[in-house]
Amino acid sequence: MTQPSRQPRKRIILGAYLGGVNHHTVWSAPEADSQIAFSSFRHLAQTVERGKFDFFFLAEGLAIRERLGRFFDQDVVGRPDTLPVLAALAGVTEHLGLIGTINATFNEPYELARQLSSLDHLSDGRAGWNVVTSFDAFTGQNFRRGGFLHRDDRYVRADEFLTVARQLWDSWPEDAIEADKESGRFLRPEHADAGRFAFSGKQFEIAGRFTTPRSPQGRPVVLQAGVSPHGRDFAVARADAIFSPFHRLDEAQEFYRDIQRRAARAGRPPGAVKVLPSASFVLGDTEAEAAERQREIARQQVSGRTAQILLEAVWNRDLSGYDPDGPLPDVEPDVEGPRIIQGRAVIHQDARQTAAEWRELAEAKGFSLRELAIHLFSRTEFVGTPEQVADRLDSFVQNEGSDGFILGSHLTPTGLDEFVDRVIPLLQERGAVRTEYTGTTLREHLGLPST
Amino acid sequence: MTSSHLPPNGSPLLDTPLHLAVALDGAGWHPAAWRESRARPDELTGARYWADLVRTAESGLLDLVTIEDALALQPTVPDGPDDRLDRVRGRLDAVLIASRVAPLTRHIGLIPTATTTHTEPFHVSKAIATLDHVSLGRAGLRAQVSRPVENAHFGRRELGEVSLADPGTPAARAFVAEHFGEAEDFLEVVRRLWDSWEDDAEIRDAATGRFIDRDKLHTVDFQGRWFSVRGPSIVPRPPQGQPPVAVLAHESLPYRLGARQADVVFVTPRDVEQARAIVAEIRAEQSAAGRERDTVHVFADLVVLLADTAEAAQERLARLDERAGAPIASDALVFAGTAAELADTLLAWQRAGLTGYRLRPAVLPDDLDAVVGRLVPELQRRGAFRTAYGEETLRSRLGLPHPANRYATPAG
Ligand SMILES: Cc1cc2nc3c(=O)[nH]c(=O)nc-3n(C[C@H](O)[C@H](O)[C@H](O)COP(=O)(O)O)c2cc1C
């Protein structure tokens with residue numbers, strides 16, 4: 001029905017993330033540097049600002065992962081706290097949006113809304129919040145109220161959280177502060193009670209005065225990550241953008257259409273909810289060289305041990321006895337027992353079905369355990385020469401796979417250097433990305449209406 | 001000229017260096033500060049304002065700045081806020097202000113205020129650890145219990161309604177006891193989380209495929225009356241190991257909290273005798289807590305308002321008080337005078353056992369400029385203050401050793 005090629009060209013939205021805690025970064029590479037040191041964050045942020053990216057993005061995890069009751073030691077472990085890093089980056093960048101992933105379950109609206117508003121002030125309007133809801137009792141053990149929220153209630157809380165946050169962000173009129181030294185009026189008389197709020201719901205019953213004057217964007221940009229039907233409805237009701245995991249064009253288009261449909265039903269105008277999948281790339285001077293590099297990177301990302309562990313997340317069994325270069329485990333997933341891997345988001349709801357699908361896939365392609373894991377998890381979606389990668393990114397967006405990408409690389413922190421140097425100019429040439437920042441706020445970068 | 005200010009014993013250089021901090025809050029500590037000609041009342045939530053202030057403080061070689069905060073609007077009355085139009089209202093999160101200015105400064109310590117009552121110790125611990133990573137070892141934490149008015153912002157009904165209008169009532173006393181008890185547990189958890197990664201936990205051992213040595217990560221398994229926290233932190237051990245912890249204390253329970261959990265206690269004596277008594281009380285609590293070997297700084301807080309002559313300073317104060325409609329009400333002594341007189345006072349009070357001062361500029365940037373431009377050179381002339389930054393981290397500047405990790409296992 002849709003004829004994407006006839007539609008006006010869409011500009012590609014670009015975000016960048018610094019590979020956090022996962023198997024995606026190749027920490028053993030000689031050029032790999034700290035995922036904690038501020039110099040790494042500054043390097044990546046300043047590089048992508050040079051490439052006129054829309055924003056810098058951080059993921060979140062609130063517990064150190066464990067396997068069989070012991071801390072993970074194979075992949076990158078340890079990450080900095082989101083908001084202080086973003087605030088510090090605001091000091092060393094000028095235009096780049098700064099989006100942090102922060103849990104709605106283990107935070108309180110009054111505190112988090114003021115932190116996000118503070119970031120918006122301190123960055124002159126560049127703040128964004130990626131709302132996640134993931135929780136489990138394991139993560140809850142790090143918090144004073146513990147794993148107090150039933151799984152079904154997490155979007156109820158997130159939904160109320162957003163309602164309250166908006167109320168707080170809107171509680172100071174834009175012109176509340178007069179600061180007239182002569183008359184001695186700091187607040188305008190008609191706004192003597194600036195910040196007053198009251199909310200009564202299932203999750204929150206709070207009232208008082210908000211501390212933080214209206215921020216440059218009014219409301220920081222809101223993203224949502226979570227793709228269940230519940231998550232999708234939450235996103236179209238509440239968010240400016242949705243962070244998705246779909247990189248195959250057919251899957252991505254289906255998701256994109258679904259979000260547009262749901263958004264329209266929720267009364268949002270077309271284009272109001274941006275769809276932004278995570279993506280990574282590998283470049284080479286020739287197609288063959290890029291493919292060879294990708295194979296090499298994938299083997300570094302997914303060692304035999306890592307492959308076993310990635311499959312353990314579904315099998316829920318110790319798979320260390322299975323040969324990574326041999327066939328898939330000959331047993332069924334243990335769906336009854338306690339989770340042997342703790343602190344990693346459970347993506348696969350139905351473990352038995354997932355295992356069956358993977359077996360089928362491995363058989364059809366002749367994959368070993370490790371080859372399957374590489375196929376599923378090595379995550380380098382755009383592989384080729386700079387021209388090919390530019391072309392594929394552009395056509396993915398023009399064909400309604402997404403509105404842009406949140407790009408990461410296997411190398412911290414210099415992995416996006418060559419993208420900015422070699423791919424961005426090609427995208428700029430074809431008018432797919434900006435050549436200069438035209439706005440100052442993240443909302444303006446993303447083409448979102450002001451609040 | 002200089003010699004007349006030498007201490008009576010004639011020694012120009014005191015054995016122990018004087019530590020100097022500045023407390024930043026809004027437009028300054030006088031309620032009418034924002035109306036002064038150089039005040040920037042419409043920039044109080046802007047990054048440039050804070051960067052300018054902290055850079056100025058750094059140009060004066062000060063040990064550290066603190067940044068005030070609370071989870072409520074600024075109060076005029078104990079149970080505030082109120083609807084007054086003539087006072088500064090509105091503020092930003094102090095940890096984020098400190099983080100924002102960290103990469104723009106190189107030496108000065110950054111101690112934001114964080115509330116211990118409604119916040120999660122896990123979040124606060126990782127935020128300060130991150131500030132320490134971002135600032136390369138210059139972070140600290142000022143822990144503060146919240147006022148009753150903040151309860152409604154969090155809906156924790158179990159905390160109940162209490163008036164602090166009269167701090168002597170049994171309800172007010174119970175409130176203080178409860179909240180300081182919780183604060184002590186809070187700081188214990190924050191400190192354990194800072195230790196939950198040993199210094200060298202990240203090994204990046206390509207040969208064995210291990211990124212960390214997992215035996216150097218530790219759960220903290222805190223179980224207390226108010227909360228329990230498992231750990232470990234998600235943030236690797238901060239550069240200072242334990243960023244310095246500060247508390248402001250006005251009476252015995254808070255002194256005890258400071259003696260047990262803090263590295264710096266800010267106190268508010270009115271004269272040298274009171275300073276001596278407070279220091280003695282804190283030292284006694286410190287021994288009772290088994291911390292007599294630890295360095296616990298006691299800094300006196302003073303609101304400072306400086307001018308070229310004592311008369312001019314008094315006139316400034318009178319003018320500000322008149323504009324505010326009442327004399328400034330302060331927990332700390334309000335010092336109005338010349339930089340030389342202030343230097344006299346600081347050095348005289350130091351003999352009560354104080355190890356430093358936290359000066360609260362009455363007006364920003366005026367009194368901060370005077371501290372940096374007048375007081376610091378005056379102290380330097382008397383050999384009582386550093387002439388260059390030496391130490392790299394805030395801890396080392398405060399003479400605190402790199403802390404042992406409570407979970408560290410001897411190598412072997
Ligand atoms: C692309 C994507 C990124 C996510 N990133 C995070 C993250 O950084 N931290 C986190 O705690 N959860 C993250 N999540 C988990 C989601 O917040 C959510 O809990 C999870 O997807 C389950 O919700 P759902 O059933 O609606 O998909 C992410 C999810 C997606 C799809």
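This is a predicted model: local features need pLDDT of at least 70, side-chain atom pairs count only at pLDDT 80 or more; totals for chains, interfaces and linings use all residues.
A polar contact is a pair of N or O atoms within 3.5 Å.

**Ligand contacts**
- Of the 16 residues around the ligand, those that come nearest are E60(A), S134(A), Y155(A), V227(A) and S228(A).
- E60(A) places a backbone N or O atom 2.7 Å from a nitrogen atom of the ligand.
- For A225(A), a backbone N or O atom lies 3.0 Å from an oxygen atom of the ligand.

**Ligand surroundings**
- On its own the ligand has 620 Å² of accessible area, and the protein covers 81% of this.
- Two or more residues of the shell come from each of α5 (154–169) and β12 (241–244) of chain A.
- The shell around the ligand consists of 7 nonpolar, 7 polar and 2 charged residues.

**Largest cavity**
- The largest cavity is lined by 24 residues, and the closest to its centre are E111(A), Q115(A), D93(B), H123(B) and A127(B).
- In chain A, α2 (82–90) and α3 (109–122) give two or more residues to this lining.
- In chain B, α2 (94–101), β3 (109–115) and α3 (121–134) do likewise.
- The largest share of the lining, 4 residues, is that of α3(B).
- By class, the lining of the largest cavity has 10 nonpolar, 7 polar and 7 charged residues.

Key
Residues are numbered from 1 along each chain as its sequence is written. Chains are lettered from A and ligands numbered from 1 in the order in which they are written. Side-chain values use heavy atoms; hydrogens and water are left out. On a 1 Å grid over the protein atoms alone, a cavity is a set of points where a 1.4 Å probe fits but cannot get out, and a pocket is an open set with protein on both sides within 12 Å along at least five of seven lines; lining residues have an atom within 4 Å of a point. Ala, Val, Leu, Ile, Met, Phe, Trp, Tyr, Cys and Pro count as nonpolar, Asp, Glu, Lys and Arg as charged, and the others, Gly among them, as polar. A residue is near a molecule or strand if one of its heavy atoms lies within 4 Å of it. A polar contact is a pair of N or O atoms within 3.5 Å; within protein, one must be able to donate a hydrogen and the other to accept it, and residues adjacent in sequence count only if both atoms are side-chain atoms. Accessible areas come from the Shrake-Rupley method with a 1.4 Å probe; for residues, only the protein chains shown count as cover.
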